[in-house]
Amino acid sequence: MRLLPRSLINRITLLVGVVLLLLALFGAALFLRGMFKDVIGDTQENAQMVIEVVAVAVTDSVVVNDYDAIRRTLEKALVRAPFESAVFIAMDATRLEVLGHATPASDAPGWLIRRVENELAEVNRAITVGGRDYGVIRLNFAAARIAGNIWSLSLHALGLLLGAFALGLAAVRLALGQWLGYLKQLGQAGRQVIDGQIETIALDADAPSEVKQAMEAISRSTESLRTHFGSRIDALMDSLVQQKNAMDEAAIVSEFDPAARLTYVNDLFCRTVGVSREQLIGDLITRWGDVGPEGAAAPAVWHGEVSLRRRDGARLYFQRTVVPIFDTDKALQRQICIDFDVTGEVKARNELRKLSLAVENSGSAIMMTDANAIIGYVNPQFSAMTGYSLAEVKGQSALLLRAESTPLDTYEQIWLALFSGHTWRGEFADRRKDGAEFRCQKVISTISHGNGAPEQYVWVMEDVTDRIRSEETIHRLAFVDTLTGLPNRRAFRARADELLKMARRNDEGFAILYFDLDRFKSVNDRFGHGVGDQLLSEASRRIQGCLREVDVVSRFGGDEFAALITSTADPVEVSQVARRIIDALEAVFAFGDNEAFISTSIGIALYPRDAAEISELLRCADLALYRAKDQGRGTAVFFSQAIEHENRERMELEHALRNVLGSEQLFLEYQPKLSLRDGRVIGAEALLRWQHPTRGRIGPDRFIPIAEESRMIVPIGRWVVRSVCQQIREWRAAGMGGMQVAINLSGLQFKSETLLQDIVEALAENGLEASCLELELTESLTIENPEQTIELMKRFRAMGISIAIDDFGQGHSALAYLKRFPLNTLKIDRAFVRDLTTNPDDEAIVHMLVALAKTLNLSLVAEGVETVAQLQYLRDLDVDAIQGYWFSRPLLAADFGAFCRAHATRGVHLPWAPVEPPATAQIG
Ligand SMILES: Nc1nc2c(ncn2[C@@H]2O[C@@H]3COP(=O)(O)O[C@H]4[C@@H](O)[C@H](n5cnc6c(=O)[nH]c(N)nc65)O[C@@H]4COP(=O)(O)O[C@H]3[C@H]2O)c(=O)[nH]1
């Protein structure tokens, strides 16, 4: 509770009043006390005097007991005296009491009356006359009257005092009002300054100096405030304007009245909706989005999201705040509407929603963990994949899924990659809830805080167990030879490339061995593919057994193998390895009751001596293998410059062969065939010759393989057929009839679809019957595709063309097939004939061949007969015919004609035949 008055004047007046009042009361108290004492003292003195006077006056009367006189005297004493009663008490106790005038009722308070009574005791006077006591006179004071007098005096005194107090106070109030009125003036001036009505405060000249100083101080402060706050206000205004401008740029601002009519729109509003301000003002705000549940009359701030459609139809989203503005009567005056464009956020949110939906329904398992790999979310596919529900894994570590077989290192590597800001991609084994391991492909991405620190990890996971199995199978198929389990050619290349890099780094050498299995084809043909496969597997094991762990052996396909001998390019060491392989493969292969023998030749290339690249090294090894095969089975040949040279030459020959047809370089020689029965020339074998312009004559053994490889043999062979047929026609024209000419056919030629046609045409063109031709097929030709060969042979035979099998005994024809071949002739290779008389092996083979031919009812022709001993031996074996230098080398056509004519009548003289006189040649 506030006791003090609000106004300063009143406060000072109150203070002065209180002080004056206290002083007045104190003075009054002192005055009244003195007055009281004086009155009491005076009364008592008067009473003494009165009683003395009464005593004197009654002296006589008492003596005479004149009570009337006494009465009268007493009555006189009571007149104007402040006594209530006067009493004469005689000695005999006679009591004469006279009462004074009745005292009017006193205004004095009781306490004052009692006080007076206490102060003024009765006054007694003994009446003694002549020494004799006659009695006592007693005066009783009229205390109430005396108190009344005192009270009346006091009241008067107080009245005066209060009057003086009131006057003093009024004077003080007046003076203060005047002096402090300047303060009011100061206040008004201050308000005027605040209102900006005055610049400086005008001071009255007679104003008190303190007020003047205060006014000056205010003036100075006002000045300073004006300066200070003026600039602050300016800055504030600037700032407000800038903020408004910024707000106008950032937000759509509008105002609307309680009727929801727009009263203000900023530029952004117009720009955003594409409508002019003029059209917008007065328009309903609700056309431009919701303004809250209570519409335009909302009493409180409303936040919400609204969407606007622009004039061009685009939908925009805004975060809207509607702020009501009230007037002084708290009535809603208008509302300010502020819209922030959140289209991007809304779209992002929608995208996020879609994304969440996509994640939820994703076919990939998705797991989200915090930075400590604590799982926060997994999608249904994750549960389907792992068997764990979201509730089971939430709050658990991602390591929950770790499979025993996945080392912890893997996870460390993942964290390292993720911490360095990379997305981790990889695959490793995880464990399902039921404990089963599965291969899981993962892409782990980081969601980072603004400062780049990882906040969450998103794991996109896929069960790739099946795929990996398939990939492993594909890989096996792609890199492993399924039959032998050895790396295939591709894997070999990869390993060889690695080895090459290492060898380059370490300055080491290594060797590549290239080889195939001789006679493998015949094993295949003889025992079937099953056995062939077993042989390949067994051969692979044997080869591996010859190598160290660090070496690599690969099956390139068919019966081709290659080996990498690491860490050494020492020819001695490498040739030891090659030897071991050759020996291992030459040992018998047993399959149940069957046995097979194969051999191998090995071509070797050394790094870095022979080449610096794998492909080149392989080429070198291949060339060396080619040479090894030439040198005979069971040999290992190191690549050399000589081989390279030979190869180059071979390539040059191949090139030259392509242009040889149509030139004069190719021609035929004819080697006569002699009947051992009568020594007559029964036919000839056409032998191809190549007279190279610079290299001279090149033998068919040299160029025919090249022609075969380049497939030139087909057109060349066609040329041979035509040339032979022409030649027979010419011979016939020259009178040399009945001549059968044998033509060598290579395998490729035989397989050529045009062969039959070519022969038919050549015969027809020259008017020849088919029986004048014999086709010589090598044994190897028949091996490759026996059924087809038999078929074609049959067709030739049906035409009347004879068929001879050449070089028999070199290969490994299945006798069963031989039996089925529609052959006419079996030719004994000159390799067996050469040492026939000295080498029991060759002798045995020839015996066997002769027996075979007889069994199959084939005529026998022996090649390469050079000596009489061979001749006689063959005759003894009942061989039908021979070829050989013993009687004729291959001859040019003209020479062959001459030869035939020379021996036409008697034939060539055979050692066992009787010598006959020369006869004239007659052929035809
Ligand atoms: N040391 C010695 N050799 C003798 C003797 N008698 C004949 N020769 C040679 O033995 C080979 C016989 O031919 P081949 O076995 O069919 O072997 C032939 C044949 O397989 C092939 N050839 C020749 N001409 C042709 C042809 O036109 N087409 C095809 N495809 N191959 C042919 O070339 C091979 C070699 O032919 P040539 O070098 O002409 O060698 C011929 C011939 O000159 C002898 O007493 N001693």
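Let me begin with a definition: a helix axis here is a line fitted to C-alpha atoms over the stretch in contact, and angles are taken between N-to-C directions. Please also keep in mind that this is a predicted model.

With that in place, consider helix H22, residues 755–765, and helix H24, residues 786–799, whose axes come within 11 Å and cross at roughly 15°. Angles under 35 degrees count as roughly parallel, and H22 and H24 are therefore roughly parallel to each other. Their crossing is right-handed. On the H22 side, the contact is formed by Leu755, Leu756, Ile759, Val760 and Leu763, while H24 contributes Arg795, Phe796 and Met799. Sorted by class, the contact of H22 with H24 holds seven nonpolar residues, one charged residue and no polar ones.

I turn next to helix H1, residues 8–63, and helix H3, residues 110–119. Here the axes are 11 Å apart and the packing angle is about 45°, which makes H1 oblique to H3. The crossing of H1 and H3 is again described as right-handed. Phe36, Ile40 and Gln44 of H1 meet Leu112, Arg115, Val116 and Glu119 of H3. This contact of H1 with H3 comprises four nonpolar, one polar and two charged residues.

Let us now move to the ligand. Which of the 23 residues around the ligand come nearest? They are Glu685, Arg689, Asp806, Arg830 and Glu866. For glutamate 685, an N or O atom of the side chain is 2.7 Å from an oxygen atom of the ligand. In the case of glutamate 866, a polar side-chain atom lies 2.5 Å from a ligand nitrogen atom. Leucine 688 takes part through its backbone, with a polar backbone atom 3.0 Å from a nitrogen atom of the ligand.

Finally, I would draw your attention to two points of backbone geometry. Tyrosine 607 and proline 608 are joined by a cis peptide bond, with omega about 5°. Proline 608 sits in the loop between strand S20, residues 599–607, and H17. Alanine 260, although not a glycine, has a positive phi of about 70°. Where is alanine 260 found? It is in the loop between strand S5, residues 251–256, and strand S6, residues 262–265.

Thank you for your attention; I welcome your questions.

Conventions:
Residues are numbered from 1 along each chain as its sequence is written. This is a predicted model: local features need pLDDT of at least 70, side-chain atom pairs count only at pLDDT 80 or more; totals for chains, interfaces and linings use all residues. Side-chain values use heavy atoms; hydrogens and water are left out. Axes are lines fitted to C-alpha atoms, for helices over the stretch in contact, and angles run from 0 to 180 degrees between N-to-C directions. Helices (H or I, at least four residues) and strands (E, at least two) are DSSP runs, numbered from the N terminus. Angles under 35 degrees count as roughly parallel, over 145 as roughly antiparallel, 65 to 115 as roughly perpendicular and the rest as oblique. A crossing is left-handed if the near helix is turned anticlockwise from the far one by less than a right angle, and right-handed if clockwise. Contact means heavy atoms within 4.5 Å. Ala, Val, Leu, Ile, Met, Phe, Trp, Tyr, Cys and Pro count as nonpolar, Asp, Glu, Lys and Arg as charged, and the others, Gly among them, as polar. A residue is near a molecule or strand if one of its heavy atoms lies within 4 Å of it. A polar contact is a pair of N or O atoms within 3.5 Å; within protein, one must be able to donate a hydrogen and the other to accept it, and residues adjacent in sequence count only if both atoms are side-chain atoms.
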